[in-house]
Amino acid sequence: MLEARQTMDAPTTTSAGNGTSGDTDGGGWFTPRTSPPPGGEQEPEGNRLAALRPVGRSQEPPEGPQPNRESAAQERIQTGSDLPPSAPLSPPPAPDRDSDHSVFEPLVSDEHAGHTATGSPDAVLIRRTMAEVGPVADKVTSYFYALLFVQHPELRSMFPPAMDAQRDRLLKALLTAAEHIDNTPVLVDYLQNLGRGHRKYGTQAEHYPAVGECLIGALSRYAKASWNDETEAAWVRTYTTISQVMIDAAAADELRSPPWWLAEVVSHDLRTADTAILTVRPNQPYPFLAGQYTSLETPWWPRIWRHYSFASAPRSDGLLSFHVKAISAGWVSNSLVHRARPGDVLRLGPPAGGMTVDHTSDSGLLCLGGGTGIAPIKAIVEDVAEHGRHRPVEVFYGARTGQDLYDLDTLLRLQQSNSWLEVRPVVDKHGLLQLPDAIRDHGPWNGYDAYLSGPPGMIRSGVDALKAAGIPADRIRHDSVEELVAAGD
């Protein structure tokens, strides 16, 4: 399934030097700390000092038992920035993966709009800043990159030559994390995925300071009404906490997997004029779970990565499949659909995403897939079949036309060999996906876990329909926070 998410961090060595830093020794606010301060000394809690700073990590694993890194990351978010835990937000709706979105669009659903005025003190200040800079998002983004490339010209080569492809993805990723600073469980998973994924860019612990300082510089310039020492301190604390979780995740991942995999295209099946199924062979074992996704780079557009869901469960031959729909002006998607051929070599980032199946449960699965969103749904069905548990699985496969049901035959074959599987194609007749109506016509669904994948309109209306059908929000799964850094291919 096509996803368009690219978030890059960039290295640094000095302060942004934009007039907002009070340092005079050439060091930045976010200078990595390789060792803790002496036991008897305490750091001053100045406005430009964070509660945590990124620290370097040795490549050699320490001796003795290791703490649970996810628990440590959650504790860091809850205590490292003096942020108290709060009730988790419902996952925000995923934006359209094939279109651009403003970096400052709302990151929570309407039902939680009032949350912008509540939460921890730092979260309140951060959301106040974002509300002010929203109307001038393009200027903030441009100024951010201007600071980054003027103060650190050596970083320019880490980004795609055409910056219209990069757009606001880096800034969007940082602000997405900041927006959810009180939502610890969701934020930890999001940041750990970012940290692992950024290894493919060569990002190191010492690479975070310039990005953080340029972020502060851009925000302070365009949020003058709400910006003060207290707000600045909140952003510094938040960014350093965010970056530390990412650094820890990258360090742990480095001990067990490469930063990327090479993968040779072994088959290219053009299903429609603009949709293809690609099968690739990684150059070394690639561990993943059904329902997850990965980032992909083509040889024709270096340093431009796009995200695609795995279209099958892990296979004994190690092959991976992806469904790709070419979109207007989509560099990567058009290359994969219309240019890629067997023998071409792609690069894959690490797997990510939490839309996976709990095989310890006997609950039924209600799966909604729209367009190429059927890819991870198909993988989930195969995963259930391979585990041999006869739990009911209902698949609603939505498309705008019958031709767009390009993988229906595959799903029907799975249905023929598995009595517990029911596949229901839903073709839109009014210009809008009608999956919610189909859900209401069947059921009941109160004993099911739900999985959604597809366009944003389907996700939003699907979530509403599932809740109305009696499925609790915590049993509705779709990649959410990660999607909020989406930008058009």
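A residue is called buried when its relative accessible area is under 20%, exposed when that area is over 50%, and partly exposed in between. This is a predicted model, and of the 489 residues of the protein, 57% count as buried. Its secondary structure comes to 13 helices and twelve strands.

**The protein as a whole**

- Strand 2 (residues 261–272) runs antiparallel to strand 7 and is joined to it by four bridges, and Glu264 has Val345 as its bridge partner in strand 7.
- Strand 4 (residues 293–297) also pairs with strand 7 in the antiparallel sense, over two bridges, and here Leu296 has Leu348 as its bridge partner.

**Val345 at the surface**

- Val345 has a relative accessibility of 43%, and therefore it counts as partly exposed.
- Together with Trp260 and Leu262, Val345 forms a nonpolar patch on the surface, and the accessible area of these residues together is about 240 Å².

- Helix 7 (residues 208–222) has 15 residues and reaches 22 Å from its first C-alpha to its last, which is close to the 21 Å expected at 1.5 Å a residue.
- Because 13 of the 15 residues of helix 7 are buried, this helix is largely enclosed by the rest of the structure.
- Helix 13 (residues 456–468) has 13 residues, which should span 18 Å at 1.5 Å a residue, and the 18 Å between its end C-alpha atoms agrees with that expectation.
- An α-helix has 3.6 residues a turn, so residues three or four places apart point the same way.
- In helix 13, the buried residues are Pro456, Met458, Ile459, Gly462, Val463, Ala465 and Leu466.
- After helix 13 comes Gly470, whose phi is positive, near 100 degrees.

Methods. Residues numbered from 1 in each chain as written. Predicted model: local features only at pLDDT ≥ 70, side-chain atom pairs only at ≥ 80, totals over all residues. Heavy atoms only, no water. Patch = residues over 30% accessible without salt bridge, like charges linked within 9 Å, V, L, I, M, F, W, Y side chains within 5 Å. Areas by Shrake-Rupley, 256 points an atom, 1.4 Å probe, with all protein chains shown as cover. Salt bridge = Lys/Arg side-chain N within 4 Å of Asp/Glu carboxyl O. Buried < 20%, exposed > 50% of the residue type's maximum accessible area, 1.4 Å probe, protein only. Expected span 1.5 Å × (residues − 1). Pairing = 2+ DSSP bridges.
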